[in-house]
Amino acid sequence: MGTDDRPSGGRGSRGPYATGQARRQAIVDEALAVFSRTGFHGGSLREIAKRVGVTPAGLLHHFADKEELFAEVLRQRDEAVRAAAGDPAEHTLIEQAKRVVAHNQTSRGLTSLYAIVSAEATDPEHPSHADFAARYRVRADEAAEILRRGQEAGEVRADIDPEHAARLISAVMDGIQLQWLLDESVDMVPLFEEFVTRYLDPAAPPRS
């Protein structure tokens with residue numbers, strides 16, 4: 001026996017597990033499609049189950065409720081974004097942000113999901129309200145610290161406030177993404193690079 005208490009060989013022993021994992025992932029994939037179109041409140045477990053080809057009861061065999069399924073969709077979204085950003089030890093904050101913008105432009109479903117749910121989550125009663133408030137707060141704190149180090153290294157202009165800049169980076173990314181979701185002729189990458197160059201690059205003209 002292996003450490004997971006499953007036989008190490010044999011198609012039959014691993015088949016049901018692999019099938020269950022594949023079904024679980026199919027549910028997450030279809031949930032992403034539904035939530036990215038209608039948001040959390042509008043997303044129906046019945047519709048998701050129908051798209052997967054299972055009954056609502058069958059869906060609940062894999063996820064206890066809509067909140068748990070939604071949390072898994074967000075978790076996988078976060079993993080995809082982290083992978084796109086790359087290792088913080090190898091990329092600066094600005095490089096990471098550029099990589100995320102480029103990734104999001106190839107992932108409409110994930111980008112739409114984040115835009116819709118972040119707006120929904122402004123409602124204090126939304127199940128993700130506290131999570132999204134913490135996301136923005138933590139992300140701003142981490143970005144501000146990285147910007148300070150960038151200023152010390154001469155990679156970020158010295159005449160900006162790191163706390164303000166951290167919030168602005170997030171706001172610009174979210175705003176450009178919303179415009180792209182409304183009109184795909186909007187190219188997010190050069191727009192974000194224009195902001196970075198004009199606002200953060202030490203070689204840019206001093207702010208008045």
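Select helix α8 and then what covers its buried residues: α5 (93-104), α6 (108-120), α7 (129-152) and α9 (188-199) are included in that cover. Buried means under 20% relative accessible area, exposed over 50%, and partly exposed in between (1.4 Å probe, protein chains only). Helices here are DSSP runs of H or I, at least four residues, numbered from the N terminus.

This is a predicted model, in which local features need pLDDT of at least 70, side-chain atom pairs count only at pLDDT 80 or more, and totals for chains, interfaces and linings use all residues. Residues are numbered from 1 along each chain as its sequence is written, and side-chain values use heavy atoms, with hydrogens and water left out.

Which residues of α8 are buried? They are P162, A165, A166, I169, S170, M173, I176, Q177, W180 and L181. These residues lie on the same side of α8 because they cover an arc of only 150 degrees around the axis, taken from the directions from the helix axis to the C-beta atoms. Turn to the face away from the buried side to find the exposed residues H164 and L182.

Now zoom in on the start of α8, where a side-chain oxygen of D161 comes to within 2.8 Å of the backbone nitrogen of E163.

Finally, select H129, which is in helix α7. H129 counts as partly exposed because its relative accessibility is 27%. Display A121, T122, D123 and P124: H129 touches them, leaving aside residues up to four places away in sequence. Contact means heavy atoms within 4.5 Å. A polar atom of the H129 side chain lies 2.6 Å from the backbone oxygen of A121.

Conventions:
Helix = DSSP H or I, 4+ residues; strand = E, 2+ residues; numbered from the N terminus. Polar contact = N/O pair within 3.5 Å; in protein donor to acceptor, adjacent residues only side chain to side chain.
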